[in-house]
Amino acid sequence: MAATEATVEATFREVYGRALGTLIRLTGDISTAEDAVQDAFEIAVVRWKSDGIPANPAGWVITTARNRAIDHKRRSARGRELERIAEREELKDEPMPTIDDGALEDDRLRLIFTCCHPALRREHQVALTLRLLGGLSVEEIAQAFLVSETAMARRIGRAKFKISAANIPYRVPTDADLPSRLAPVLTVLYLIYHAGNEVPNEGVSLRTEAIRLTRSLVALMPDEAEAAGLLALILLNESRVDARTSEGPVILLQDQDRSRWDRELIAEGHAIVRACIRRDQPGIYQLQAAIQAVHCNAPNMEATDWDQIVVLYDHLYSLSPSPVYLLNRSIALIEAEGPAAAIAQIDGIAQQLDGFYPLHLARATAYQRHGDDVEALVSFRRALELAPSPHDREYLQSQIDQLSAA
């Protein structure tokens with residue numbers, strides 16, 4: 001049965017990272033593997049549209065790409081080695097030998113840890129993950145991060161060069177190294193989601209890729225509780241996107257229409273959080289997911305268990321003593337103990353986070369609730385200077401106008 005172009009592209013993107021991971025292992029070169037997989041995609045667009053999606057699309061792509069890689073490197077020593085591999089495995093231009101799913105998953109894990117190796121700069125990790133694992137084009141990634149296509153191509157090129165020059169190993173870390181090496185992977189996936197969350201309407205593709213890649217990581221590493229916690233955190237955040245955004249300013253939690261929350265995502269997020277609790281291996285992503293689960297569990301703001309949220313932030317801060325977590329705790333304190341307690345905590349960390357827009361927004365909100373409109377105005381104006389998006393600035397300006405008029 002014939003397939004549409006959209007179906008072909010969606011299927012190919014789904015298998016891109018798996019195929020590329022295997023081709024990198026076979027060819028030993030990222031650029032050669034990319035070219036081969038891209039050639040396979042061009043062939044797939046034609047054949048799959050007329051013949052339908054094959055039963056094993058990943059195997060089809062790998063077989064076709066591997067043959068293309070052999071063709072490209074036929075004259076080199078590595079090419080002759082690949083030819084011998086092909087002869088040994090009796091590869092043919094037409095699909096399809098059986099390809100072991102376990103080997104494919106191992107290759108994808110290797111690729112994840114290579115893209116997020118600590119020797120690479122964070123922005124390079126993000127760009128490389130989207131390109132090699134997500135299958136996004138350089139143009140798509142550039143548009144998502146508001147840089148030129150040329151600049152993004154250079155960024156990705158530098159990351160590949162660093163991998164080659166530094167002889168970064170293409171492997172899954174040992175058990176001893178895994179905890180420290182997993183942290184950058186989770187950070188990169190969360191940064192990808194957060195980048196899409198900053199521009200909700202335009203950032204759908206980034207959020208979709210972050211969710212898809214995080215699901216893949218959880219499937220690949222089911223024993224890693226923090227990977228599951230990150231997935232729950234992202235899903236619970238995503239469940240409220242439609243209610244949080246509109247054509248105007250961002251809609252705050254207490255003002256959101258909860259009928260627009262995605263109940264399926266909330267149910268899945270809650271189930272993951274409950275499973276994490278049963279594991280009793282708390283981590284920063286699991287605790288942040290638990291906090292979001294409390295928010296999503298409440299039918300209205302009055303029913304939110306703010307005391308529980310404060311306790312969860314205490315636990316989170318004990319694991320990772322970041323002033324940002326104290327700031328978020330202070331926002332919960334406004335509801336749990338009143339604005340005076342929140343003001344004391346916010347002012348205690350104000351110097352550390354002076355250039356952080358959310359601090360001044362939280363301070364303005366606390367002083368406004370406390371009845372001190374003068375201090376609230378000071379903080380709203382400072383927040384306006386630092387606000388990153390037009391929607392944020394529109395909301396802040398409306399608050400300043402209301403207080404000034406009053």
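**Entry 1: conventions.** I took the expected span of a helix as 1.5 Å times one less than its number of residues. Helices (H or I, at least four residues) and strands (E, at least two) are DSSP runs, numbered from the N terminus. This is a predicted model, so I noted that local features need pLDDT of at least 70 and side-chain atom pairs count only at pLDDT 80 or more, while totals for chains, interfaces and linings use all residues. Residues are numbered from 1 along each chain as its sequence is written, and side-chain values use heavy atoms, with hydrogens and water left out.

**Entry 2: helix H15.** I began with H15, which runs over residues 306-319. Its 14 residues reach 20 Å from the first C-alpha to the last, close to the 20 Å expected at 1.5 Å a residue. Next I asked which residues of H15 are buried. Buried means under 20% relative accessible area, exposed over 50%, and partly exposed in between (1.4 Å probe, protein chains only). The buried residues of H15 turned out to be Trp306, Ile309, Val310, Leu312, Tyr313 and Leu316. They cover an arc of only 160° around the axis, which puts them on the same side of H15. I took that arc from the directions from the helix axis to the C-beta atoms. As a reminder to myself, an α-helix has 3.6 residues a turn, so residues three or four places apart point the same way. On the other side of H15, I found Asp307, Val311 and Ser318 exposed. I also checked what covers the buried residues of H15: helix H14 (284-297) and helix H16 (323-336) are included, with contact meaning heavy atoms within 4.5 Å.

**Entry 3: helix H3.** I then turned to H3 (residues 57-72), which has 16 residues and reaches 22 Å from its first C-alpha to its last, close to the 22 Å expected at 1.5 Å a residue. Is H3 enclosed or open? Of its 16 residues, 14 are buried, so H3 is largely enclosed by the rest of the structure.

**Entry 4: aromatic pairs.** How many aromatic pairs does a search of the whole structure find? I got two. The rule I used: rings of Phe, Tyr and Trp (its six-membered ring) pair if their centres lie within 6.5 Å, and planes under 30 degrees apart count as stacked, over 60 as edge-to-face and the rest as tilted.

- The rings of Trp48 and Trp60 have centres 5.4 Å apart and planes at 70°, so this pair is edge-to-face. Trp48 sits in helix H2 (residues 30-51) and Trp60 in helix H3, twelve residues apart. Trp48 is buried, with a relative accessible area of 1%, and Trp60 is buried as well, at 5%.
- Tyr190 and Tyr285 form an edge-to-face pair, 6.0 Å centre to centre with 75° between the planes. Tyr190 lies in helix H9 (residues 178-198) and Tyr285 in helix H14, so the pair ties together parts that are 95 residues apart in sequence. Tyr190 counts as partly exposed at 23% relative accessibility, whereas Tyr285 counts as buried at 8%.

**Entry 5: Gly21.** Where does Gly21 lie? I found Gly21 in helix H1 (residues 5-27), and it is buried, with a relative accessible area of 0%. Leaving aside neighbours within four places in sequence, Gly21 is in contact with Asp107, Leu111 and Tyr170. Gly21 and Ile112 are 91 residues apart in sequence and 8.8 Å apart in space, C-alpha to C-alpha.

**Entry 6: positive phi.** I looked at two residues other than glycine.

- Asn167 has a positive phi of about 50°. Asn167 is found in the loop between helix H8 (149-165) and H9 and counts as exposed at 64% relative accessibility.
- Asp280 has a phi near 55°, also positive. Asp280 lies in the loop between helix H13 (263-279) and H14 and counts as exposed at 63% relative accessibility.

**Entry 7: whole chain.** I closed with the totals. The protein chain has 20 helices and zero strands. Buried residues make up 50% of its 406 residues. Among contacts between residues at least 6 apart in sequence, 65% join residues at least 24 apart.
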